[in-house]
Amino acid sequence: MSMISIRNVSKHYGSFQVLTDCSVEVNKGEVIVVCGPSGSGKSTLINCVNGLEPFQAGEIVVNEVSVGDPKTKLSNLRARVGMVFQHFELFPHMTIAENLTIAQEKVLARPHDQALEKGMKLLDRVGLKAHAHKHPGELSGGQQQRVAIARALAMDPICMLFDEPTSALDPEMINEVLDVMVELAQEGMTMMVVTHEMGFARKVAHRVVFMDKGAIVEDAPKDAFFGTPRSERAQQFLAKILSH
Amino acid sequence: MYEFDWSSIPGALPFLWTGMKVTLEITATAIVFGIVWGTLLAAMRLSPFRVLSWCSAAYVNLFRSIPLLMVLLWFFLIVPQVLEHVFGLAPGSDVRMTSAMAGFALFEAAYYSEIIRAGIQSVPKGQVAAAYALGIGYGQAMWLVVLPQAFRNMVPLLLTQAIILFQDTSLVYVSALADFFGAAYKVGDRDGRIVELLLFAGAVYFVICYSASLLVKYFRRKVSA
Amino acid sequence: MAYAWHWEVFLQLAASGDTTYLGWMLAGFETTIGLSLASWTMALVLGSLAGVARTLPGRLWPGLGTAYVELFRNVPLLVQLFGWYFVLPELLPPSLGNAYKQMNPFLQQFLAAFICLGFFTSARVAEQVRSGIQSLPKGQKNAALALGFTLPQTYRYVLLPMAYRLILPPLTSEFLNIFKNSCVASTIGLLELTAQGRQLVDYTAQPYESFIAVTLFYLLINVVVMTAMRRLESRVRVPGYLGGK
């Protein structure tokens, strides 16, 4: 069953084409890694999935709801789609606990106690229970990103989107975040992950999508992609990424 | 419904222009003296001498805490007496223009000095250190290295302050000095056409200030580019 | 200059017969405070709305917000005040205009000054609110939306609480400005602090004492507001953020 279905999506800012005829299917329980050089449109594509950016042509269907349809209530859809950002985007004026509960209370209308219990359980899961009373600015980048993942999970998402979750982190903090993501993948979460972490892709991805200049150049099962990428550009990209 | 009658405006244009010249004269004087005095105040504030820096801070904070209108009233009260005393001017001579100019210049200097101080502080400290390393003294380092860079950053803010000043000159109304606004009010009062004259004055101020603010935006883009 | 100082003049019975000249001053002080606080409330509300409007997606709301701000920023305060006081009652439907003109003069003046200062200051508040919102990382808005917040919720819970914290210092100076600007109301006859000071000059012929007193009152307002705002600033400071901690 298809959870995220991107069909022939194109997008442009004025005359500048950002996405050209992109199609990707993400089935329930699948982990898809999207990679490609910077400026290739991967972040734009993932932002289109929950309607943070509009697109002009094609169709995106998430859990049988069409994102581009003006009748769709985007906030309802987004509440079910978890998203993790490059720069964490925790809310700096709230404590960690409040970051975890606010959307549960205001969007899902959960009672405070229930929201807090859920939040604390997830915070414990990412190993940060002791920091609940702190503000985001008092945590390291890796810790903040783990909180951000917990925040998304608190909404009981049907799938998760990751937009370069480790690229703003100091190298020594990357693994603590990847570990949480690997665990999540192994539990069967449907994930669409924009990342350059090829180790992560090798470990848990089902398929790898390679983008360049706004188009999907390659969409292959993990082993096929790492074994013998068909396109020359993907080969060059892999060579560059893996050389260090 | 109110019936507009704009007929008193065309005939009054020469008089209104005289008023505008007063407005512009006060604005220009206050800008020039305000910037000169404001630069000195900023330099004093940033100087290593405690006394100078304290005096400058007191001056700036005092002027920034009291309303411009109050400052003007002070100057309309004091300046004539000082002039009489020092220059032996005949009592009762019309020194309202001088008083207004002095009041505006000294008041604006406080605001200009804050803008200039911020501008100077926006220049990286390494620049002064580099100047010292070349054997240049404090005064010259300020004049040759810091101020030219600082002024570039300050131009938009200085211009914005000038627009505010231009609007604020209308407050000389309290001395019955006929600046542009005063002139418009007088004509309106004379012809029983206050509504039309006030709307006209408002429109003129708007066109001038809005155009000037577009100019500031253009400068800002140029500076940041 | 031989000036005869008579500070005791404040304790003399005022011409109105019911209080001392100091009483006049205090009455003016009260009017200044009341007028400023009332206008500030209006300015905060309208300014926040206009500032938010300028950051909304699309063309319509930002355009309206910009027009609002430019209108009130590019006409002198005095002209705006005279507009509300002299022009508006003439342009209103006669029944409303007449009702206004029949109000007690103090109310008329207060109302005009209140509306004038409210609108005038709201344009400046709007600019601060807009720049506060725009200085937040763009990802904050996206993060809130991605959690399922509606756009109003995003502003209410995420963008505005941070934006207000960031703009607290410039808001403080706008707050101080409204007290200073309120003295322009003396030009339409409202007996606030400055007007009382001038009236005192006329009645007592002791200009220096009364002007010094008025100036001291303004300095007092300044000190109180600054202290209060500094306290507020440290209370809402976000740990680990910017100047936090």
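In what order do the elements of chain C run from the N terminus on?

View 1. From the N terminus on, the elements run α-α-α-α-α-α-α-α-α-α, giving ten helices and zero strands in chain C, where helices (H or I, at least four residues) and strands (E, at least two) are DSSP runs numbered from the N terminus. The C-alpha trace of chain C spans about 70 × 55 × 30 Å along its principal axes. Residues are numbered from 1 along each chain as its sequence is written, and chains are lettered from A in the order in which they are written. In this predicted model, local features need pLDDT of at least 70, and side-chain atom pairs count only at pLDDT 80 or more, whereas totals for chains, interfaces and linings use all residues.

**View 2. The side of chain C that touches chain B.** Here 26 residues of chain C are in contact with 29 residues of chain B, a contact being two residues whose C-beta atoms, placed from the backbone, lie within 7 Å. Helices H3 (77-91), H9 (193-204) and H10 (207-236) of chain C each supply at least two residues of this side, and H3(C) gives the most, with eight residues.

**View 3. Helix H7 (residues 180-191) of chain B.** Buried residues of H7(B) include B:Phe180, B:Phe181 and B:Tyr185, a residue being buried if 20 or more other C-beta atoms, placed from the backbone, lie within 10 Å of its own. What covers the buried residues of H7(B) includes helix H1 (8-46) and helix H8 (194-224) of chain B, together with H3 of chain C. Just after H7(B), B:Gly192 takes a positive phi of about 65°.

Key
The expected span of a helix is 1.5 Å times one less than its number of residues. A residue is buried if 20 or more other C-beta atoms lie within 10 Å of its own, exposed if 12 or fewer, and partly exposed in between; C-beta atoms are placed from the backbone.
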